[in-house]
Amino acid sequence: MTSFEEVAGYRDELRAHCYRMLGSMDDAEDAVQETLQRAWRNLDGFEGSVRPWLYKIATNRALTMIGQRRQPIELGPPIFVESAESQVLIRESVELAFVAAIHHLTPPQRAALLLRDVLGYSAREAADLLGTSPAAVHSAVRRARAALAEQDALGEEGQREAAARYADAWAAGDLDAIVGMLTDDARYTMPPLDERYHGHAEIRRFLVEGPLQYGWRFAPTASPKVWLTYLIDDGVEVPVSLDILVFRRSKISAVISFIGDEFVKFLGL
């Protein structure tokens, strides 16, 4: 018989899954708590496989939460672990880039892709978890993979070179070069601040009136899409944000700038 302890043992991996689905650690914690509570209430008489059962509850709870949101999804950072080991730094930067990438997919595409490509469920198993058909799962995954392929069209080395040019443009204060690397419909957000800029005109105005009044240095991480930013004030570098770049072919379609020196200090150790 399934025990409370067995169910609770899946908390960490469910949290990671819900964070990828929801893009918010606070929402992920809520979704996991509700998942575990629902599972505990229905333990009596349960004889199936625990893991897929929990993922079914968690995934559908996350989809419901997304559907109830009144505002667009605002990607938030995960809770960083207290460690400076190199492998942890690599995992965190790559994970942030991955979550940013899949949040440009529709929620059904995101769920299907995570179940199939990250968790390894078959199309039939994923369809059962999502309450849909294998054909619908195949279609969602095909579209999701195509969208991600468009984001990764440059390849890792090409992205690293493009991101380096973007960082150099910031260091030079070259407004035209920065804006020229963005798609026409690019978005610039700065969680947790409630500021969003869309398109060249809005982003250009924001840069002129704010950030480009100062000097900047961008430092790379393990992922070419994730950079640490430092504002230069009277020759002193001040950690400001962790920036995630989302590519579309050869240009940047979104910049997510997590404001807060704790992210820079963690990944910049």
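Visitor: Before we start, what should I know about the model and its numbering?
Guide: Residues are numbered from 1 along each chain as its sequence is written, and side-chain values use heavy atoms, with hydrogens and water left out. Because the model is predicted, local features need pLDDT of at least 70 and side-chain atom pairs count only at pLDDT 80 or more, while totals for chains, interfaces and linings use all residues.

Visitor: OK, what is the strand order in the open sheet of 6 strands?
Guide: The order is 2-1-6-5-4-3, with mixed pairing; strands are DSSP runs of E, at least two residues long, and helices are runs of H or I of at least four, both numbered from the N terminus. Two strands pair if DSSP finds at least two bridges between them.

Visitor: And which are the edge strands?
Guide: They are strand 2 (196-198) and strand 3 (215-220), each of which pairs on one side only.

Visitor: How many bridges join strand 1 to strand 2?
Guide: There are 3 bridges between strand 1 (residues 182-189) and strand 2, and the two run antiparallel. T189 stands opposite R196 in strand 2.

Visitor: Switching to helices, which residues of helix 2 are buried?
Guide: They are L14, H17, C18, Y19, R20, M21 and L22, where buried means under 20% relative accessible area, exposed means over 50% and partly exposed lies in between, using a 1.4 Å probe and protein chains only.

Visitor: What comes just after helix 2?
Guide: There G23 takes a positive phi of about 75°.

Visitor: Now the rings: why is the pair of F46 and W53 called stacked?
Guide: Their centres are 4.0 Å apart and their planes lie at 20°, so the pair is stacked. Rings of Phe, Tyr and Trp (its six-membered ring) pair if their centres lie within 6.5 Å, and planes under 30 degrees apart count as stacked, over 60 as edge-to-face and the rest as tilted.

Visitor: Are F46 and W53 buried or exposed?
Guide: F46 is buried, and so is W53. Another stacked pair is Y197 and F206, at 4.4 Å centre to centre with 15° between the planes, and both of these residues are buried as well.

Visitor: Which residues do ring pairs link into a cluster?
Guide: Y166, W170, W216 and F218 are linked in this way.

Visitor: Last one, where is E161 found?
Guide: E161 is in helix 9 (residues 155-172), and it is partly exposed, with a relative accessible area of 45%. E161 and P224 are 63 residues apart in sequence and 8.4 Å apart in space, C-alpha to C-alpha.
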